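Hello,

Here is the structure I promised to pass on to you. Have a look at it first, and then read my notes below.

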Amino acid sequence: MTTAKKGFPENFLWGGATAANQLEGGYNLGGKGLSTADMIAHVPKELRKGGHAMEITSERIEEILSGAIEKLFPKRFGVDFYHRFKEDIALFAEMGFKVFRMSIHWARIFPNGYDETPNEEGLKFYDEVFDELRKYGIEPLVTLSHYETPLALTQKYNGWASREVIGHYVKYAETVFNRYKDKVKYWLTFNEINVMLFSPYTGGGILIDKVENKLQTVYQALHHQFVASAIVTKLAHEIIPGSQVGCMLARMETYPNSCNPEDVRLAQFENQINLYFTDIHARGEYPNYMARYFEENNIVLQKEVGDDEILLNNTVDFISFSYYMTVTKSASADLETTAGNLTGGVKNPYLEASDWGWEIDPIGLRVTLNNFWDRYNKPLFIVENGLGAYDKVEEDGSIHDSYRIDYLSKHIEQMKEAIKDGVDLIGFTSWGPIDLVSMSTSEMSKRYGFIYVDLDDEGNGTLARSKKDSFEWFKQVIASNGEVL
Ligand code: BG6
């Protein structure tokens, strides 16, 4: 037992997190191919079924490609980081960022995913971005795959449903590891790997109308991703000595709605289904409870000889996760439900919710951190947390986002408590340090940033950047290493 910690460690990695498809734009520039994200159109709220606009069919892809539907595709344009990264990185540096989480758009490197040789222009673009970050001493944290499967892999193989995609992903990872080995030390293999359960298209580039058995396909595709993740973890360690590779989960700490054992067991089951991902990444094997789940749901995994060894011998160095909310589950029907990140539960009467119905639970973050640490004893990295909210620009251009400051300060306070509890937390990157296109709804008006971007849901605006009140606030949080909130 060591002595209790007092606060954030000195080398704590403070920063912000983004994804290429929501930030970059330049979807057809520099030799980039189309990706699955480029096919997602903005759907006005009133026409959205169930809140999410990210699932898609093969028929819809054909329609878009044949030009029959000409709509707005916000993820093709992002907020034009492609042309403005120097300005944006200078602002991150001004806030004192130690780390910047971003993804490489796979289709910028291999336009079709299965090409023989990589696209030099794409590789050069990220060279410039990493050099710019290094200029300010900002450590890049790079996600290899953040909902950006090259579309050609979807068309040829139905994405990760096919084992063939493992080889293409490994080739892509090997290419970027070799190219950026002196520039990037921290890597994540798949963003929110569990999204596959909620949206196979988003997580795996899978068109679900093309498969017979959704559950079977999804768990098989996940097996392919686990194997791919372990192979590239090994490669990163070989190619980049001292590199740190993490997995990434959308963690949904699930509470029972009451002390009724039925509720408690249901919440336990939900937690297991959420944690089976990190169990494999961190412990190197499928947990026993999944054997029963697979059997009861007639899921038969096709494994190849050597898969189990690959998983066991190449576990991750750290566990990263997104945390926006907790979920509450009840065994009884007919209770009021809530929306959420990927999934929701029943309404928790002790919590308030964001404008998008995501329940805000700072103490749940302390619970989550402690549970992760107790289960795995591996370093933890919060790579997404933040508040999506409507911002109002005042006449003088100022933006008073006290609600965002309030949300973040309460979560950071609980991170500090968890560190005092003994949790090894190495970093925090808040989601969307600069406003970007929403993943689930493709809106611009759902804003997370410390930096405002003049762009609306229909794509109108100057793209000018300006500082919100939270900009100076976060700068002071970093400068004081989390002491001044
Ligand atoms: C996470 C994703 O689920 O949540 C991000 O990794 C996403 O890509 C973030 O943007 C917030 O979700 P949304 O739908 O509000 O953009």
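**What I found**

Let's start with Thr328, which sits in strand S8 (residues 327-329); helices (H or I, at least four residues) and strands (E, at least two) are DSSP runs, numbered from the N terminus. Before going further, please keep in mind that this is a predicted model, where local features need pLDDT of at least 70 and side-chain atom pairs count only at pLDDT 80 or more, while totals for chains, interfaces and linings use all residues. Residues are numbered from 1 along each chain as its sequence is written, and side-chain values use heavy atoms, with hydrogens and water left out.

Is Thr328 buried or exposed? Thr328 is buried, because its relative accessible area is 4% (buried means under 20%, exposed over 50%, partly exposed in between, with a 1.4 Å probe and protein chains only). Not counting residues up to four places away in sequence, Thr328 touches Tyr255, Pro256, Asn257, Gly345, Val346 and Asn348 (contact means heavy atoms within 4.5 Å).

Next, the barrel. Eight strands form a closed barrel with parallel pairing, in the order S1-S2-S3-S4-S5-S7-S11-S12; two strands pair if DSSP finds at least two bridges between them. From one strand to the next, the twist averages 25° (axes are lines fitted to C-alpha atoms, for helices over the stretch in contact, and angles run from 0 to 180 degrees between N-to-C directions). Helix H14 (residues 362-376) packs on the sheet and touches strands S5 (244-250), S7, S11 and S12 (425-431). The direction of H14 makes about 155° with that of S7. Strands S7 (residues 318-322) and S11 (residues 380-384) are paired in the parallel sense over four bridges, and Ile319 stands opposite Leu380 in S11.

Now the ligand. Which residues come nearest to the ligand? Of the 14 residues around the ligand, they are Glu192, Glu384, Ser440, Lys446 and Tyr448 (a residue counts as near if one of its heavy atoms lies within 4 Å). A polar side-chain atom of Glu192 lies 2.6 Å from an oxygen atom of the ligand, and a side-chain N or O atom of Lys446 is 2.7 Å from a ligand oxygen atom. On its own the ligand has 380 Å² of accessible area, and the protein covers 100% of that (areas come from the Shrake-Rupley method with a 1.4 Å probe; for residues, only the protein chains shown count as cover).

Enjoy exploring!

Conventions:
A polar contact is a pair of N or O atoms within 3.5 Å; within protein, one must be able to donate a hydrogen and the other to accept it, and residues adjacent in sequence count only if both atoms are side-chain atoms.
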